[in-house]
Amino acid sequence: MKPLRQHVAIAIDGGGIKGAMVARALAILEDHVGLPVHGIFRLATGTSTGAILSAGIAAGLTASRMFALYNELGERVFRRSLRGRLWPLTHYRYPLEPLRAALDGALGGARVGGLWRAEAATDLVVTTFDLVEERTRFIKPWKPEYARLPLVTAVLASCSVPTYFPVVEGRYVDGGVGSYANPCYIAAYEARFCLGWDPAETTLISLGTGRDPKTRRPGEANHYRAWDWLGPILGAFMQSAGDQQVHLVETFFKSVDFRRFQVDLDRPIAMDDPASLPVLAVYGEELGRKILDDETDPALEIRAERAVGGAATPPAQPVARSMLGDVAIAALALARTWHESRRGGSGEGDPGPRTR
C-alpha cells in the first residue's frame, strides 16, 4: 500500500446493508496500518449507509465494531412484517426505531458539534435531502447551526430511503436522492476549500458498496410496461450521478492522491437483504485487499479527447496552477448542482446551506 499523505479523508457511498462490506474492508485497513480508522482519517464524508460509517469513524468507533454492528442489526432493521408484505401500499416498509436504538447505543448522546471540539478534531460531512426546500443539505460539525444536532438524528436523516423508511422530522430523506450517493467530490471540495488542505498533501480514499452486473439485453426495454421502468430509471440515475462525482474529482483535483475502490458483484444485492451478510463479508475481504494492493477502480478512467479542426481552438500553452485557478475550476464544476445550493451557501466556499 502506498504511503498516505499528511491529510487523509474518506468518502463512503450509500448502499444499505452493503455498508457491511465497507466496514469489513476498513477493518482490514486497521489491521494493516495498526491504527483505528479514527486515527487515520481527519475528514469523513458519507451518504446513507456511508453516513453511518463516517459518523462512526468520526465518533471513534473501530471498523471491527461497525462490522459487528451491521451483523447484529441486519435482521432487526430489515425485519419482515405485515407492513413489509403490504409495501408499497404502505407509506414505508420499515420503522426507524430499531436503527435509531442501535445508533443510540453506538454513538450515545453525541452532538454533531462535539466532533469539532474533540481533542482529535474530525470533520464530518453527512448529506441529506430536504424535501421542503428541494435541495441537498450538508451537515458538518463546524457549522454553528448543526452544533447542537444529535449525531444520531443527522445519520438517520441521511439514511431514510424514501418508501423504505419514514421521513425524518417531516422533511429529510436519504442523501442519495440528490447528486451525492457517492460523496467523493464533496469530500475533495471540503478538504480543499473548507479545511484549506494542500491537495499535494492530501489523500482521499473513496469506497463503493458494489457494482451490480449488467444483465439487460438489447431490445429488452422494448417490452417494458410503465412500472417496469422504475428500477432502470432509478438505477441509471444513481449510477450516473456516482460516476460523475468520481470524474469531477479526477478532472478538477488532479493534485489530490485520489484512490477509488470498488468491487463487481456477481449478482444484485438488495439494500435490505440481511441474508446476504456472509457474502458481503467476502466482498469486504476483496475490497480490503484492493485497498492494500492499491488496485483502484479502472471503470471510470475517462480521458477527454482533444477535438481537432472545426470549431476547436488550438491547444493552449500550459499555465501555472494557482489556488485562484482551482477555485475557478471548481466553481464551473459546481454549476450542475446550482439548483440544490442556490438558496444559500455557508459563505466560506461551502456548497452546503446556511440553515438546517
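## Helix packing and nonpolar cores

The axes of α3 and helix α5 (residues 97-107) come within 9 Å of each other, crossing at roughly 155 degrees. Because angles over 145 degrees count as roughly antiparallel, this makes α3 roughly antiparallel to α5. The crossing of α3 past α5 is right-handed. On the α3 side the contact is formed by Leu69, Leu73, Arg76 and Val77, and on the α5 side by Pro98, Leu99, Ala102 and Ala106. Sorted by class, this contact of α3 with α5 comprises seven nonpolar residues, no polar residues and one charged residue. The model described here is predicted.

Helix α3 (residues 63-77) also packs against helix α1 (residues 19-33), at an angle of about 155 degrees and with the axes 8 Å apart. Helix α1 is therefore roughly antiparallel to α3. The crossing of α1 and α3 is left-handed. From α1, the residues Gly19, Ala20, Ala23, Arg24, Leu26, Ala27 and Glu30 take part, meeting Ala63, Ser64, Met66, Phe67 and Tyr70 of α3. The contact of α1 with α3 holds eight nonpolar, two polar and two charged residues.

Two packed helices are described by the angle between their axes and the distance between the axes. The table gives both quantities for each pair.

| Helix pair | Angle between axes | Axis distance |
|---|---|---|
| α1 and α3 | about 155 degrees | 8 Å apart |
| α3 and α5 | roughly 155 degrees | within 9 Å |

The next topic is the nonpolar interior. In soluble globular proteins, nonpolar side chains tend to be buried together. In this model the largest nonpolar core contains 71 residues, and Leu26, Phe41 and Ile57 have the most contacts inside it. Helix α1 contributes the most to this core, with nine residues. When neighbours within four places in sequence are set aside, Ile57 is in contact with Ile10, Ile12, Leu26, Val37, His38, Phe41, Ala44 and Met66. A second, separate core has 22 residues, among them Phe138, Tyr180, Ala187 and Leu248.

For the chain as a whole, there are 12 helices and seven strands. Of its 356 residues, 51% count as buried. Among contacts between residues at least 6 apart in sequence, 78% join residues at least 24 apart.

Terms used
Residues are numbered from 1 along each chain as its sequence is written. This is a predicted model: local features need pLDDT of at least 70, side-chain atom pairs count only at pLDDT 80 or more; totals for chains, interfaces and linings use all residues. Side-chain values use heavy atoms; hydrogens and water are left out. Axes are lines fitted to C-alpha atoms, for helices over the stretch in contact, and angles run from 0 to 180 degrees between N-to-C directions. Helices (H or I, at least four residues) and strands (E, at least two) are DSSP runs, numbered from the N terminus. Angles under 35 degrees count as roughly parallel, over 145 as roughly antiparallel, 65 to 115 as roughly perpendicular and the rest as oblique. A crossing is left-handed if the near helix is turned anticlockwise from the far one by less than a right angle, and right-handed if clockwise. Contact means heavy atoms within 4.5 Å. Ala, Val, Leu, Ile, Met, Phe, Trp, Tyr, Cys and Pro count as nonpolar, Asp, Glu, Lys and Arg as charged, and the others, Gly among them, as polar. A nonpolar core is a set of buried Ala, Val, Leu, Ile, Met, Phe, Trp, Tyr and Cys residues joined through side-chain atoms within 4.5 Å. Buried means under 20% relative accessible area, exposed over 50%, partly exposed in between (1.4 Å probe, protein chains only).
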